[in-house]
Amino acid sequence: MKKPVKKILIAFSVAIGLVVLLCGAFVVKLAVEVGKMSSMKTQKVTDGVYAVQDKFGNLFLIKSGDRYIAVDAGDNTKNVRRELAKLRIDPKKVVAVLLTHTDSDHIAALDLFSNASIYISKAEEQMINGQTFRTLFFNNKFDYKYNTLEDNQVIELAGLKVRGILTPGHTPGSMCYLINDTYLFTGDSLSLRNGKVDIMNDFFNMDSEAQRVSLKKLAALPDAKYIFTAHYGFTDHYQNAFDGWKN
C-alpha cells in the first residue's frame with residue numbers, strides 16, 4: 001500500500017473513531033439529563049386541567065364546556081392517543097393547540113388534533129423556516145398550518161382568555177401561555193426543583209442566560225397561581241416558587 005493512501009486511511013479511521021466517541025458521549029449525557037426529569041402521570045391535575053404523559057414529558061389539556069385547548073402535542077402519536085383514552089377525552093374535541101416551541105417532542109401528535117387551530121409565537125418561526133438551526137446541522141421540521149402570536153398578545157379560545165408570553169432561552173421563540181390569568185403553561189422555559197423555579201437543563205437550552213431574563217419576567221405576574229411544566233410537574237404555589245427571581 002502506498003504511503004499517501006495509508007495516511008489517508010489512518011486519518012479517516014481516526015476521524016470515524018472521534019465521531020463515534022463524540023456520539024457516545026452525547027448519548028450518555030442525554031440519558032443523564034433526561035434522568036433528572038420528573039413528568040407527571042396522566043391524570044386530572046385540578047379542575048379543568050389534565051396532564052397527559054408521553055415518555056418523559058407532559059402535554060396539557062384545559063377544558064371549557066365540552067371543548068379543550070391543548071398545550072403542546074407530545075412526542076409520540078400512539079402514546080398520546082392511548083393516554084387520552086385513559087382520560088376518556090376525544091382528540092376531536094380539541095379546538096386549539098398552543099405550542100410552547102417546535103422541538104420534536106412537543107409536536108409529534110399534532111395529527112391527532114384534526115379539528116384544532118395551531119399557534120406558535122411569531123419569534124419561533126425562525127426555528128422552522130431555515131433561519132435558525134436547533135443544533136449544528138439540524139433545524140426543526142414543521143409541516144402544519146399555524147397562527148402566530150406576538151409577545152403579550154391576548155386571544156380568546158373556547159371561551160378562555162389566553163395570553164402568550166415570549167420567554168426566549170430554550171429556543172428564541174419559546175412562549176408560555178397564561179390561561180384566565182391563573183394557569184401558566186411553560187413548556188421547557190423552566191424547571192421545578194424542590195418546588196422552586198430554575199432554568200431548564202442547560203444541555204437542552206439554546207441560551208440559558210436569555211432564559212434567566214425570561215424567568216424574571218414571569219416572576220412579575222401578579223395573579224398567576226399555577227405553574228405547569230413539560231418535564232418537571234406542576235405547583236400551585238406560584239409566588240413561592242418564584243422566590244429569588246423577583247426584582
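**Exercise 1.** Which residues are exposed on the other side of helix 2?

*Solution.* Before starting, note that this is a predicted model, in which local features need pLDDT of at least 70 and side-chain atom pairs count only at pLDDT 80 or more, while totals for chains, interfaces and linings use all residues. Residues are numbered from 1 along each chain as its sequence is written, and side-chain values use heavy atoms, with hydrogens and water left out.

Begin with the buried residues (under 20% relative accessible area with a 1.4 Å probe, protein chains only; exposed means over 50%): in helix 2, residues 77-87, these are Asn79, Val80, Glu83 and Leu84. Because they cover an arc of only 130° around the axis, they lie on the same side of helix 2. On the other side, Lys78 and Ala85 are exposed.

**Exercise 2.** Describe what lies at the start of helix 2 and just after it.

*Solution.* At the start of helix 2, a side-chain oxygen of Asn76 comes to within 3.0 Å of the backbone nitrogen of Lys78. Just after helix 2, Arg88 has a positive phi of about 60°.

**Exercise 3.** Where is Ser189 placed, and is Ser189 buried or exposed?

*Solution.* First locate Ser189, which sits in the loop between strand 11 (183-187) and strand 12 (191-193). Next consider its accessibility: with a relative accessible area of 1%, Ser189 is buried. Finally, leaving aside neighbours within four places in sequence, Ser189 is in contact (heavy atoms within 4.5 Å) with Thr167, Ser174, Cys176, Gln211 and Leu215.

Key:
Helix = DSSP H or I, 4+ residues; strand = E, 2+ residues; numbered from the N terminus. Arc of directions from axis to C-beta. Polar contact = N/O pair within 3.5 Å; in protein donor to acceptor, adjacent residues only side chain to side chain.
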